[in-house]
Amino acid sequence: MAEIHPFRAFRYDTNRVSLEQVLTQPYDKITPEMQERYYTASPYNLIAIEKGKAFPDDTPQNNVYPRAARKLEEWIAQRILVQDAVPSIYVYSQEYVVPGTASRRTRIGFIAAGRVEDYEAHVVYRHERTLSRPKADRIELLRHTRAQTGQLFMLYDDSSRPIGTLLEEAARATKPIELHDEFQVTHRLWPVSDRALIGRLQKEMAGKKLLIADGHHRYETALSYRNECRERAEKSGSAIDRFAAYEFAMMTFINTHSKGLTILPTHRVIRNVANFDFERFRTAVAPYFDWYSYPFADAEERRASFAEFRKDLESVNHGRRGIGVYAGGGAFYLFLLRRDVDLESLLPDLSEAQRDLDVVLLHRLMLEKGLGITAEAVTAENNVTYEREMTVTVTAVDGGGAQIAFLLNAVRVKQVADIALGGDVLPQKSTDFYPKLLSGLTVYRLEGRLES
């Protein structure tokens, strides 16, 4: 089912540049502050390609996209970026501390060229819907550069771990390329060109279904670009070449059973609700939730109450389903789904797997019924913004910039897989796979044919 191949990546010459100074986080995670920092780190920082600066005097002939294309060609000509001599796959590991904990984990996978498949082929599955604006940006960049600098994060099921054994075998054979990013994540890369090992890996992957963990916009951009290239070939009278480079995309493959696979919760911060009143909200959701308060009167009590509240919130997955709520006023709240609530009758338009998500309870019962925030308003981001850190979420309310905050437990990997493989999607911002895959470790050019 899944078809993977080695490819000749372009990679930064570490004799010319320091990888810590030239690689970036994925484009959609780059804030304006990060963009400025990357620009000042090195004249060869990938930011000039991955997410270049726009200027007021930009024209159709001179804007972020043609500038990115020119920069890529310059760096290749200057041999800042050098193409590997032989087709390879790239074993890739990330060692990190889970944010907010002392837990250290290692996630290992591999980078390869994966065949781009229509969703209808039931090989690649998505778990969220995409937005038109990010796709328009990425396709324009791809048309100009004809290169992929960022990774598609793909999950596969390998419960017996023969693939993991192959990757560990390859990693033991050579010394890795190693670097540390700004989030204290240690990244290690092992180029592997051994044909026998690659063949075994291809055989093991051939029966797998793939689930997009991160990179839905980039995947659909790759689909659109492939279709554009096919149309041009047909108009010129050429047959479709199944091994044209544009038929593939650069993907990082991770096992769903990896102990290093981490999903962080994404909390909700609510603003701009007309005539907001916490008591009115609590009354509106009373048919669906019981609630428990963790009051405090001073800073010392607040620390103790927050610690108790957080411990109880994180343990509710072992019993009733719960959502944390904070609206100031001297208390944290834990709202637990009432035992007598019939979700099948209440949410008949959703599958059982979707109804099992806390984020669905939040959006459909708390936001819609409790605050009147519709799905359209959520998409438009009129009222809802998102935070990873629980303390930052709470601080948004304390600072007066938000009216109420909702604190969630993380979605489980199995929930994501069950929903995606069942043909459903999760609400936007339901998953936050951590850490992110660095952009620029390998660069894949969509020109010519994939070499065997």
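The largest cavity of this structure, which is a predicted model, has a volume of about 210 Å³. In total, three cavities of 30 Å³ or more are counted. Sixteen residues, written here as 16, line the largest cavity, and those nearest its centre are Arg 138, Ala 147, Gln 148, Thr 149 and Arg 218. Two or more lining residues come from each of helix H3 (47-50), helix H5 (132-145), strand E7 (147-148) and helix H8 (216-235). The greatest contribution is that of H5, with four residues.

The largest pocket holds about 1,500 Å³ of space. Among its 39 lining residues, Tyr 27, Asp 28, Lys 29, Ile 30 and Lys 429 are the closest to its centre. At least two residues of this lining are supplied by each of helix H2 (32-41), H5, E11, H8, helix H14 (375-380) and E18.

**The open sheet**

Six strands make up an open sheet, and their order is E15-E17-E16-E19-E14-E18, with antiparallel pairing. Strand E15 (289-295) and strand E18 (384-387) form the edges, each pairing on one side only. From one strand to the next, the twist averages 25°. In general, the strands of a sheet pair through backbone hydrogen bonds, in either a parallel or an antiparallel manner.

Which strand does E14 join through four bridges? Strand E14 (residues 267-270) is joined in this way to E18, and the two run antiparallel. Within this pairing, His 267 stands opposite Glu 387 in E18.

Two helices accompany the sheet. Helix H10 (residues 299-315) lies across E15, strand E16 (322-326), strand E17 (331-337) and strand E19 (404-407), and runs at about 15° to E17. Helix H15 (residues 390-398) also packs on the sheet, where it touches E14, E16, E17, E18 and E19. The direction of H15 makes about 165° with that of E19.

**Strand E17 and its partners**

Strand E17 pairs antiparallel with E15 over seven bridges and antiparallel with E16 over five bridges. Leu 334 of E17 takes part in both pairings: Leu 334 is the bridge partner of Tyr 292, and Leu 334 is also the bridge partner of Gly 324. The hairpin of E16 and E17 has four residues between the strands, and there Gly 328 adopts a positive phi near 75°.

Why is E17 described as largely enclosed by the rest of the structure? Seven of its seven residues are buried, so the strand is largely enclosed. A residue is called buried when its relative accessible area is under 20%. Both faces of E17 are covered: Ala 331, Tyr 333, Phe 335 and Leu 337 are buried on one side, while Phe 332, Leu 334 and Leu 336 are buried on the other.

**Helix H16**

Helix H16 (residues 413-421) contains the buried residues Val 413, Gln 415, Val 416, Ala 417, Ile 419 and Ala 420. An α-helix has 3.6 residues a turn, so residues three or four places apart point the same way. The buried residues of H16 pack against strand E6 (124-125), strand E11 (210-214), strand E13 (262-263) and helix H12 (352-355). After H16 comes Gly 423, which has a positive phi near 90°.

Methods: Residues numbered from 1 in each chain as written. Predicted model: local features only at pLDDT ≥ 70, side-chain atom pairs only at ≥ 80, totals over all residues. Heavy atoms only, no water. Pairing = 2+ DSSP bridges. Axes fitted to C-alpha atoms, helices over the stretch in contact; angles between N-to-C directions. Contact = heavy atoms within 4.5 Å. 1 Å grid on protein atoms, 1.4 Å probe; cavity = no way out; pocket = protein on both sides within 12 Å on 5 of 7 lines; lining within 4 Å. Points joined across faces, edges and corners; volume = space filled by probe spheres on them. Buried < 20%, exposed > 50% of the residue type's maximum accessible area, 1.4 Å probe, protein only.
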